[in-house]
Amino acid sequence: MYTAGLQKRYLIEVTTGMKFLVKITISLKEGMLDPEATAIRHALANLGFETEELRSAKVFFIRLDAESEGAARELATGMCERLLANPVIHSYEIEVLQ
Amino acid sequence: MRFAVIQFGGSNCDYDVHYVISEIFGVDCDLLWYKDGLPRSYDAIIIPGGFSYGDYLRAGAIAARTPVMTEIIEHARVGRLVLGICNGAQILAESGLVPGIFTINRYPKFICRWVNLRVENADTPFTRAYCEGQVIRIPIAHKEGRYVAGEDALKTLEATGRVSFRFCTPGGELLPGANPNGSANHITGVLNSQGNVMAMMPHPERASEEVLGSSDGKGIFSSIIRHVEEKG
C-alpha cells in the first residue's frame, strides 16, 4: 500500500571504469593567420621582450570516466571533432594525464 | 507566407530583422526562443546577429550545437530558406550548413562601419532583386568575420556561383583596401550547395530604410519574399 510521505530511493551504482584527466590542446593549423598572437607579440616587443615566434592555443582539462585510456582518448577525440575544434582552421592534440 | 527569426541568448538584431519583415514588408514573422524549437513549418528562417553564448569557444560554435539547429538543418534539407546574418552566419558555418568559417578579423578589432558589396550572383533566392555586379552599401559590425575556407572548398564555391557577396570599392573593384577583415577572395556572403541557405556577415536589416542611410539591404528580404511567393 502506498503511504504518503514514504519515499523509496534506489541508488544504482554504475561501474564505468576509471577516472581520467585528459588535456586537449586546440591550435591553429600551420600557416593559419593568428591575429591575436601577432598583437600579443607586438605588445611583448613594446615591453622589451624580443621574440622569434609566438603562437596561441586553447587548452582544456577534462575529467571523465572511461573503461580504459584508449576509451578516454576516443571520447576526447569525439569532443574535438564535434565541438572543441573547427577542422577548417584547427588541429588538436590529446594527452591522457592520469 | 510566414517567416521566423530565431532568438538565442545574446542575439541582439532579432527585433531589427523582425521589424523589417513585419513592418516594412508586412509579412507574418514569428520571434522564436531557441529552447522552444520550431512550433510549425516556415517558409524562411532567419538567424540574426548578436553574440550568442558570448562568442564562447568560437563565435556561433555553441548555438550551432543546440537542438533547434537540428530542426533548422531539417528545414533546409527539404529546400526551405535559411538566412544567417553576422552571428547567424557564424552559426550557419559552425553547423556545417555552409562551408568554411568566419573567424577573427585580420586586424583583431571590432569593425563597425559601412562597406560596399559587389553582388556576385543575382540568380539566388536571396539576391534576385539585384543585378550581377551591382554594388550595394550595407554596414558590417563584427570582430570575427574573416572568411576562411580550405583551398578545395574555395575553388568549388567560386566555380559553382556560391559566392553571393564580396567586399569591394565603391566602383566594384576588389582592391586590398576594400577587404576590411581580410576575408579569402573578399568573400562575405556564401551559399550552400542547394542554394537555399545563405550566410552573410553584413547587416541588411540595418540598411532597409533611407532614414538609416541606405535601403540597399531591402533587396535581400524582397528577394526571399518574391522567391517564396513564386514557389507558392
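## Helix α2 of chain B

A residue counts as buried if 20 or more other C-beta atoms lie within 10 Å of its own, and as exposed if that count is 12 or fewer. This is a predicted model. In chain B, helix α2 spans residues 67-77, and its buried residues are Val68(B), Met69(B), Ile72(B), His75(B) and Ala76(B). They sit on the same side of α2(B), because they cover an arc of only 110° around the axis. The other side of α2(B) carries exposed residues: Pro67(B), Thr70(B), Glu74(B) and Arg77(B).

What do the buried residues of α2(B) pack against? Their partners are four strands of chain B: β1 (2-7), β3 (44-47), β4 (81-85) and β11 (197-200). After α2(B) comes Gly79(B), with a positive phi near 100°.

Most residues other than glycine have a negative phi. Cys86(B) is not a glycine, yet its phi is positive, at about 55°. Cys86(B) is placed in the loop between β4 and α3 (87-94) of chain B. Is Cys86(B) buried or exposed? Cys86(B) has 30 C-beta neighbours inside 10 Å, so it counts as buried.

Asn185(B) is another residue other than glycine with a positive phi, here near 55°. Asn185(B) belongs to the loop between β9 and β10 of chain B. For Asn185(B), 16 other C-beta atoms lie within 10 Å, so this residue is partly exposed.

## His186 in the β9-β10 loop of chain B

His186(B) lies in the loop between β9 (163-168) and β10 (187-191). His186(B) is buried, because 22 other C-beta atoms lie within 10 Å.

Which residues does His186(B) touch, leaving aside those up to four places away in sequence? They are Arg166(B), Phe167(B), Cys168(B), Leu174(B) and Asn179(B). Take Arg166(B): it is 20 residues from His186(B) along the chain, but the two C-alpha atoms are separated by 5.0 Å.

## Fold of chain A

Chain A has two helices and three strands. Along the sequence they follow the pattern β-α-β-α-β. Of its 98 residues, 9% count as buried. Among contacts in chain A with a separation of 6 or more, 72% join residues 24 or more positions apart.

The three strands form an open sheet in the order β2-β1-β3, with antiparallel pairing. The edge strands are β2 (57-66) and β3 (90-96), each pairing on one side only. Neighbouring strands of this sheet are turned by 25° against each other on average, direction ignored. Strand β1(A), residues 18-28, pairs with β2(A) in the antiparallel sense over ten bridges. Leu21(A) has Arg63(A) as its bridge partner in β2(A).

## Where chains A and B meet

How many residues does each chain bring to the contact? Chain A gives eight residues and chain B gives 14. On the side of chain A that touches chain B, helix α1 (residues 35-46) of chain A supplies the largest share, three residues. By class, that side of chain A has six nonpolar residues, one polar and one charged.

Definitions and conventions. Residues are numbered from 1 along each chain as its sequence is written. Chains are lettered from A and ligands numbered from 1 in the order in which they are written. This is a predicted model: local features need pLDDT of at least 70, side-chain atom pairs count only at pLDDT 80 or more; totals for chains, interfaces and linings use all residues. Two residues are in contact if their C-beta atoms, placed from the backbone, lie within 7 Å. The arc is that of the directions from the helix axis to the C-beta atoms. Two strands pair if DSSP finds at least two bridges between them. Axes are lines fitted to C-alpha atoms, for helices over the stretch in contact, and angles run from 0 to 180 degrees between N-to-C directions. Ala, Val, Leu, Ile, Met, Phe, Trp, Tyr, Cys and Pro count as nonpolar, Asp, Glu, Lys and Arg as charged, and the others, Gly among them, as polar.
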